[in-house]
Amino acid sequence: MNGIKNQRQAVLDRTLSRSGLRMTRQRQTVYDTLMDQRDHPTADEVFSRVKRTMPTISLATVYNCLEKLVDCGLVRQVNRDRESTRYCANLKEHGHFYCRQCGSVHDIDLPSGQPADLGLALPEGFRVDQLDVNLRGVCPECGAKQQS
Ligand SMILES: [Zn+2]
């Protein structure tokens, strides 16, 4: 358990210092919060979770921490039309599944390899450097509710 935490810490420190950023206690806490409960929370949700361990932190500070973590690539923003931005600390290549019923967001593993492997026929000369996969439907929990 501790091994995983230390490993995570090493990645975090390395990435931050590469971007010329210092690790602060606030950034650390915001990042840990995202890693501990990977349900793609909004900034408000991150704020209320962080407050449990850091009661004096402000929403503005949480926003600022999230922005910095996104800037240096440790955290991804997940946007869904007309909804507040959510945050994801899973750095593995993955897509997002949005449940239409309950609004939850789930990580979906993508096959590793080049985007062309996903069956995309890119016209000659185009090069992909970012792939966003968004799927919409009904999650297993909501699916089970519909059945009963
Ligand atoms: Zn995600």
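**How H3 and H4 cross**

Start with two helices: H3 passes H4 in a right-handed crossing. Keep in mind that this is a predicted model. The protein chain around this pair holds five helices and five strands.

**The H3–H4 pair**

- Two packed helices are described by the angle between their axes and the distance between the axes.
- Here, H3 covers residues 43–53 and H4 covers residues 59–71, and their axes come within 9 Å.
- Those axes cross at roughly 115°.
- Angles from 65 to 115 degrees count as roughly perpendicular, and H3 and H4 are therefore roughly perpendicular to each other.

**Who touches whom**

- On the H3 side, the residues at the contact are Ala-43, Val-46, Phe-47 and Val-50.
- On the H4 side, they meet Leu-59, Val-62, Tyr-63 and Leu-66.
- Sorted by class, this contact of H3 with H4 has eight nonpolar residues, with no polar and no charged ones.

**The whole chain**

- Reading from the N terminus, the order of elements is α-α-α-α-β-β-β-β-β-α.
- The protein chain has 148 residues, and buried residues make up 16% of them.
- Take the contacts in the protein chain with a separation of 6 or more: residues 24 or more positions apart account for 52% of these.

Definitions and conventions
Residues numbered from 1 in each chain as written. Predicted model: local features only at pLDDT ≥ 70, side-chain atom pairs only at ≥ 80, totals over all residues. Axes fitted to C-alpha atoms, helices over the stretch in contact; angles between N-to-C directions. Helix = DSSP H or I, 4+ residues; strand = E, 2+ residues; numbered from the N terminus. Parallel < 35°, antiparallel > 145°, perpendicular 65-115°, else oblique. Left-handed = near helix turned anticlockwise from the far one by under 90°. Contact = placed C-beta atoms within 7 Å. Nonpolar A, V, L, I, M, F, W, Y, C, P; charged D, E, K, R; others polar. Buried ≥ 20, exposed ≤ 12 C-beta atoms within 10 Å, placed from the backbone.
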